[in-house]
Amino acid sequence: MRRLIKQREIVVDEWRHADEDAHGGPHRALILPFARWKEEKDRWWLWDGRLGVRLGPTDPVAALEQDFLRVSLVAIEFGGLAEGRGYSQAQLLRKRYKFTGELRAVGKIQRDQLFFMARCGFDAFEMPETTKLEEALLSIDDFSVAYQGAPDAGLSLERRAV
Amino acid sequence: MYQYDQIDQRLVEQRVAQYRDQTRRYLAGELGEDDFRSLRLRNGLYIQKHAPMLRISIPYGLLTSSQVRMFARIAREFDKNYGHFTTRQNLQFNWPKLEQVPDILALLASVQMHAIQTSGNCIRNVTADHLAGIAPDESEDPRPWCEYIRQWATLHPEFSYLPRKFKIAVTGSPQDRAASKVHDIGLHLVKNADGEIGFEVLVGGGLGRMPMIGHVIREFLPKHELLGYLEAILRVYNLEGRRDNIHKARIKVLVKAVGPEKFREMVEAEWQANREYAPTHDAAGFARIAAFFTPPAYESLGDVDVLSGKPTEFRNWYQRNTRRHKVAGYRAVFLSLKSPTRPPGDITDAEMDRVADLADRYSFGLVRATHDQNLIFADVRQRDLFELWQSLKALDLATPNIGTLTDMICCPGLDFCSLANATSIPIAKQINERFDNLDYLYDLGDIELKMSGCMNACGHHHVGHIGILGVDKGGEEWYQITLGGSASGQDAAIGQVIGPSVAHADVAETIDRILNVYLAEREEGERFIDTFRRLGIKPFKARVYAPSHQAA
């Protein structure tokens, strides 16, 4: 069973990626790659499980705008510290497209990114298997202060008036 | 001078704790080399030829005397008794130990300093005109805006993992002493037809392998729109900038690929689409920042005659190393870090301590670092100038060469840097030895010589009136010379390569031939750069590569 960080807790993952074997459990929650979702949207619309879509760094967030009635999870891929497009994709999803479902960072991510990701609106982190999740969890709070307003309702410059 | 409040202070302290833990994980083998590299770089720590190099942020070049004293202490306790001022108005230490860096950062935090975002693919130190706030030609002091941008850019959740480094400069003067046109974003405080002050926005300037002058993408941006507009530019860049090739990842490559006009449209579209969610102008927060930059308590003094009866040496220094101040009775004083025996930009711990004392005594306890690697006391009473000059002279900080040939910008080069192809400090020495006659330098007048040890262009060679670039030819050091570059004002231009590169031993001789063309051809009162623009590169090229000289 895969464990991940979700809403600041370590939980067992209820979701399965489409390219993974089913490994026990009902798995009525499936994450499709963006290309497949685009292709097979109509087919999946009436399926009775929960659906998620996985975006690569170049997949356009705007293409999902009409799909959020059906899609309750968006996974965004990271390929290491050199990949930063996912931060903007997350901001757009949360702010411009008002996505309120689970926003999950997947791929090669490390704990040092979690503070930034959380402030961009990610609330779930599917980290490489070797990660010590208990330690990683702490990194969400590497900083208790910030200068920018962000979807996680952090501080802004305005707080300085206090 | 901006003072931290508890939020600023907590942030730098938490950064020290975070970095301390990252270093611990690396040393314990929990973090791999590659993963740690990106983390240490965004904290200014490079692994150089001999040792790590730590770059410390000096926001827009402004320092208090206590911060200068802390630099001295760190140089003494953690380095080999000196530091090096850079072209981003920052300070570098060349010999710290990796495992001691967290302790250095803790000391810095105790004087409201840090090394956050001094390297790595993120928004770097925001630079400004080094005469900000005192220049008579300024429309508005850019420093409050620099601090405002600094705070917005610090640990920005969305823009901390950009395709490549990102540099912003702000200036309030048409003179543009901040080289803003060769920055990823240049912001000019300008007045519109209605007399309101706002920003002219330039994007896509830069040096390195593909030198470019920035393009104006907005002639006038109301001030309160600044952060929203910056966010639009950065988001377009973060999503569209190339990540497949490190040499094509800067925003200038994107601007060039789509064209400045199309890029402008992309930014405007993103800006409009984002209006509802963009960061709003924080007027109270800005006012709080701006209050720290109100003028110091100047005395009411008149301008005085400081030159009568004084030695020529002092008069030379006054002419070259001091500048007009907008307040009567005051001058701005340059401390030259370009004496003939000094690697450009270097300063020892003992000198830093003395500079701090002198700043307390003569200039409200503040020091400025310039992008051409000198220091400034911005607010010196004219009647104190002679006394100050004597003190600076004793410290080897009064070489009267500001703006002359030997006031050159110079990167650390192959002596320290693992990226460099060739040395630059020995070339600086060679030039200093050849051109050691002050009368000759004064006759040459204003001339900017800039030198980099490799095409990454830390020494800004592309925008030197004379640029020198170190290249490696089969393991030997050669130097490519460019002419006609300029970083300032309306005249910003990229220099033209004069011809084949010259051997290490021939650099000063080549510069001499170039100068001889100028001396022979100049018109009354014409600067080197203007003569070059009038004549073009041909006569210079002909003289440098003349057969009679090659035989010599």
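This is a predicted model: local features need pLDDT of at least 70, side-chain atom pairs count only at pLDDT 80 or more; totals for chains, interfaces and linings use all residues.
How many salt bridges are there between chain B and chain A? The count is six.

Lys108(A) and Asp35(B) join their side chains in a salt bridge, with 3.1 Å from N to O. Side chains of opposite charge can pair when their charged atoms come close. Polar contacts also cross between the chains. Chain B and chain A have 14 residue pairs in polar contact, counting pairs with both residues at pLDDT 80 or more.

Which helices of chain B each supply at least two residues to the side that touches chain A? They are helix 1 (6-27), helix 2 (33-41), helix 5 (143-153), helix 6 (226-240) and helix 8 (260-273). Helix 1 of chain B gives the most, with 10 residues. Sorted by class, this side of chain B holds 17 charged, 15 nonpolar and 11 polar residues.

Now step back to the contact as a whole. Chain B brings 43 residues to it, and chain A brings 34 residues. About 3,700 Å² is buried between chain B and chain A. Carbon and sulfur atoms give 54% of that area.

At its start, a side-chain oxygen of Asp5(B) comes to within 3.0 Å of the backbone nitrogen of Ile7(B). Just after the helix comes Gly29(B), with a positive phi of about 80°.

Salt bridges also occur within a chain. Over all chains, a search of the whole structure finds 67 of them. One of these lies in chain A, where the side chains of Arg54(A) and Glu77(A) meet at 2.7 Å, N to O. This pair links distant parts of the chain. Arg54(A) sits in strand 5 (residues 50-55) of chain A, and Glu77(A) sits in strand 6 (residues 71-79) of chain A. The two residues are 23 residues apart.

Next, the strands of chain B. Strands of a sheet pair through backbone hydrogen bonds, either parallel or antiparallel. In what order do the strands of the open five-strand sheet in chain B lie? The order is 6-7-8-9-10, and the pairing is mixed. Strand 6 (127-128) and strand 10 (215-222) of chain B are the edges, each pairing on one side only. Strand 10 of chain B runs antiparallel to strand 9 (residues 197-203) of chain B, over five bridges. Across this pairing, Leu202(B) stands opposite Val216(B).

Strand 14 of chain B pairs with strand 3 (residues 62-64) of chain B in the antiparallel sense, over three bridges. There, Leu63(B) has Val367(B) as its bridge partner. Strand 14 of chain B is also joined by two bridges to strand 15 (residues 375-381) of chain B, again antiparallel. In that pairing, Arg368(B) has Ile376(B) as its bridge partner. Strands 14 and 15 of chain B form a hairpin with five residues between them. Gln373(B), in the turn, takes a positive phi of about 70°.

Further along chain B, follow strand 18 (residues 466-473). Four bridges join strand 18 of chain B to strand 17 (residues 449-452) of chain B, and these two run parallel. Leu449(B) stands opposite Ile466(B) here. Strand 18 of chain B also pairs with strand 19 (residues 476-483) of chain B, in the antiparallel sense, over eight bridges. One facing pair is Gly470(B) and Tyr479(B).

How many residues lie between strand 18 and strand 19 of chain B in their hairpin? There are two. Gly474(B), in the turn, has a positive phi of about 50°.

Two bridges tie it, antiparallel, to strand 20 (residues 496-497) of chain B, where Thr482(B) stands opposite Val497(B). Strand 19 of chain B also pairs with strand 21 (residues 502-503) of chain B, antiparallel and over two bridges. In strand 21 of chain B, Ala503(B) is the bridge partner of Trp478(B).

Definitions and conventions
Residues are numbered from 1 along each chain as its sequence is written. Chains are lettered from A and ligands numbered from 1 in the order in which they are written. Side-chain values use heavy atoms; hydrogens and water are left out. Two strands pair if DSSP finds at least two bridges between them. Contact means heavy atoms within 4.5 Å. Buried area is the accessible area (1.4 Å probe) that two parts lose on being put together, summed over both. A salt bridge is a side-chain nitrogen of Lys or Arg within 4 Å of a carboxyl oxygen of Asp or Glu. A polar contact is a pair of N or O atoms within 3.5 Å; within protein, one must be able to donate a hydrogen and the other to accept it, and residues adjacent in sequence count only if both atoms are side-chain atoms. Ala, Val, Leu, Ile, Met, Phe, Trp, Tyr, Cys and Pro count as nonpolar, Asp, Glu, Lys and Arg as charged, and the others, Gly among them, as polar.
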